Amino acid sequence: MHKPLLRRRHFNWTLLALAGWGFAASVQATSAQRILVLGDSLSAEYGLARGTGWVALLQKQLAQEKPGVEVINASISGDTTSGGRSRLPALIKRHQPSHVVIELGGNDAMRGLPMNMTQGNLLAMTQQAQAAGAQVLLLGMQMPPNYGPDMARQFEAAYVQVAKSQKAALVPFFLKGVGDDPEPLKWFQADRIHPNEAAQPRMLANVWPTLKKQLK
């Protein structure tokens, strides 16, 4: 007499259990952390054996300290802040990153592109990423000394101003300990522009402490 009621209750509890499991799975899926690295040749392993660049080393570091965090390396050799700005919306839509690391601007400086354009692009990329719910980490660059002290100060300040105005994280000089070493040539490839394999752990060491603070 009471069996249909019991079956109905069992059915209802089963639905609730399945619904609860689905909700938990949904929360787990949406809480996954994914780092998008948007950079140029410094992050694209230019001239290096695959798997030896700082981004690949970052993935190994994460596997040890933050398992489950994925890294997408969307870096392209020769890219500028304008190129990164144009590519970022599609990358965000495709990968839905929780964190975006912006390593761009060096090629802008080498090509003599307008400073206000570089800063404007850095600002736009930071805002795009934050609007999508991602935390941003800017990797600052410095101009070679032959450009003059005024230009060098303005270029360095561009990263600081964008990071401060948007409350984004900043590594002041991505190549600290590499480009400013008393004997820098030992850290660079034959072209004297691109860091060699030995420099990659130093580059990661500059990024990791700040990035680690952003990760849950």
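Contact here means heavy atoms within 4.5 Å. The structure is a predicted model, in which local features need pLDDT of at least 70 and side-chain atom pairs count only at pLDDT 80 or more, while totals for chains, interfaces and linings use all residues. Residues are numbered from 1 along each chain as its sequence is written, and side-chain values use heavy atoms, with hydrogens and water left out.

Gln200 is buried, with a relative accessible area of 2%, where buried means under 20%, exposed over 50% and partly exposed in between (1.4 Å probe, protein chains only). Leaving aside residues up to four places away in sequence, Gln200 touches Leu42, Leu48, Thr52, Gly53, Trp54, Leu57 and Pro195.

Turning to the aromatic rings, a search of the whole structure finds two pairs. Rings of Phe, Tyr and Trp (its six-membered ring) pair if their centres lie within 6.5 Å, and planes under 30 degrees apart count as stacked, over 60 as edge-to-face and the rest as tilted. Trp54 and Phe174 have ring centres 5.4 Å apart and planes at 65 degrees, so this pair is edge-to-face. Because Trp54 belongs to helix α2 (residues 54–65) and Phe174 to the loop between β5 (169–171) and α7 (200–214), the pair ties together parts 120 residues apart in sequence. Both residues, Trp54 and Phe174, are buried.

For Phe155 and Tyr159, the ring centres are 5.5 Å apart and the planes at 80 degrees, so this pair is also edge-to-face. Both lie in helix α6 (residues 149–166), four residues apart, about one turn of the helix. Phe155 and Tyr159 are both buried.

Definitions and conventions: Helix = DSSP H or I, 4+ residues; strand = E, 2+ residues; numbered from the N terminus.
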